[in-house]
Amino acid sequence: MTERFTYLDAASAEPLHPAAREVLLAAADQGYADPRRLHRPARNAGLLLSNAREVVAEALGVRRDEVLFTSSGTSAVHAGLLGLGSRGIGHSAVEHQAVIDAARWSQRSPVTELAVDGEAGVDVGTVRDAVHAGEVDVIAVQQANHEVGTLQPLDEVASAAGPVPLFVDACAAMGRLPLPSVGDVIAGSARKWGGPGGVGVLVVRRSARWRWPFPGDEWSRTDQGFSNIPGALAAAAALQAVVAERQAVNARQHELISLVRQRVRAEVPDVDVAGPADERLPHLVTFSALYVDGEALVTALDRLGAGVASGSACTSDTREPSRVLAAMGALTHGNVRLSLTRDTTREDVERVLDALPGIIKDLRAEAGL
């Protein structure tokens, strides 16, 4: 494994898509000016930004005037959620840390945590109860979980929420899956689909009662302060390419993750594979090995030439136990998340799987077990 490094942390950041690389370099020469100005370079930059918005809207199947660019997926989540309401926020127990932070930041708002089942699926009954109790003025439920891949029942959640606005964090799924048909505001992150870092996408439905929640225009559906035009174009090009190829890529990745789930269960004693086998994101899986330190397992795999994630994948300090796994009632320590890139091969996956049982056995032996 030392001859080639196998990157298996695409859920954190997918490598830059070739389509994005080409556009990024070309746009850097033309997209440097402030598109709000009136001179020729500014008008050129404005046309490029408009083109990026058009491409993203077409790829997602929404109106171009419903697409906003932000400086990151996190900023899209914060603006999207807080712009819908702040008197009471209800979110699932397995949301990304960006959602948790936004809910806590809005100190005027009581926060209601919505329970999940053993596969991280939100309990729709708790959504209905929170709405009927008048505890919330916005519901936040992700499209798919970023640690275990669970697809959330968004149609049922929207029905249970009724007139209460629904915010959807689609950062883990945007581009990989069709955009959900429900959700007043939907957030995405370009680096998750192979675009450059530092670009987020916010889809604000025209019918949404949404206001920019930070200093600036009291009512705005524009890209607040955003001027990374090369980044927006590269993100749009990557999204367009990923949507075009996703049927084939998803099928291949789903098969490889099924192989991981099968072999880990069969070949590693005392292991817990989290999340559903089928209704999930195609490219990632998390499992926990009893009596093994997750950080030690990540380090051992890195030495052998494989990069994976461990701990809570949605916090800044990934050494913390996974909040998602805890909410599911799953084993929290000794966990690793494998997430495939579009170029990951069966050989890459089998190389890691062949080494994994021996690594875990050695780590347990070092711990005296």
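I take buried to mean under 20% relative accessible area. The model I am reading is predicted.

Entry one, aromatic pairs. I searched the whole structure and found 4 aromatic pairs. One of them joins phenylalanine 69 and phenylalanine 226, which are stacked, with 5.8 Å from centre to centre and 25° between the planes. I then looked up where the two rings sit. Phenylalanine 69 belongs to strand β2 (residues 67-70), while phenylalanine 226 lies in the loop between β8 (200-204) and α7 (229-267). The pair therefore links distant parts of the chain, 157 residues apart. I checked burial next: phenylalanine 69 has 1% relative accessibility and counts as buried. Phenylalanine 226 is buried as well, at 9%.

Entry two, a second pair. Tryptophan 212 and phenylalanine 214 pair edge-to-face, at 5.8 Å centre to centre and 85° between the planes. Is tryptophan 212 buried or exposed? Tryptophan 212 counts as buried, because its relative accessibility is 15%. Phenylalanine 214 has a relative accessible area of 27%, so I noted this residue as partly exposed.

How many residues of helix α3 (residues 73-82) are buried? I noted 7 of its 10, so the helix is mostly covered. The buried residues are Gly73, Ala76, Val77, Ala79, Gly80, Leu81 and Leu82. Last, I looked at the start of α3, where a side-chain oxygen of serine 72 comes within 3.4 Å of the backbone nitrogen of threonine 74.

Conventions. Residues are numbered from 1 along each chain as its sequence is written. This is a predicted model: local features need pLDDT of at least 70, side-chain atom pairs count only at pLDDT 80 or more; totals for chains, interfaces and linings use all residues. Side-chain values use heavy atoms; hydrogens and water are left out. Rings of Phe, Tyr and Trp (its six-membered ring) pair if their centres lie within 6.5 Å; planes under 30 degrees apart count as stacked, over 60 as edge-to-face and the rest as tilted. Helices (H or I, at least four residues) and strands (E, at least two) are DSSP runs, numbered from the N terminus. Buried means under 20% relative accessible area, exposed over 50%, partly exposed in between (1.4 Å probe, protein chains only). A polar contact is a pair of N or O atoms within 3.5 Å; within protein, one must be able to donate a hydrogen and the other to accept it, and residues adjacent in sequence count only if both atoms are side-chain atoms.
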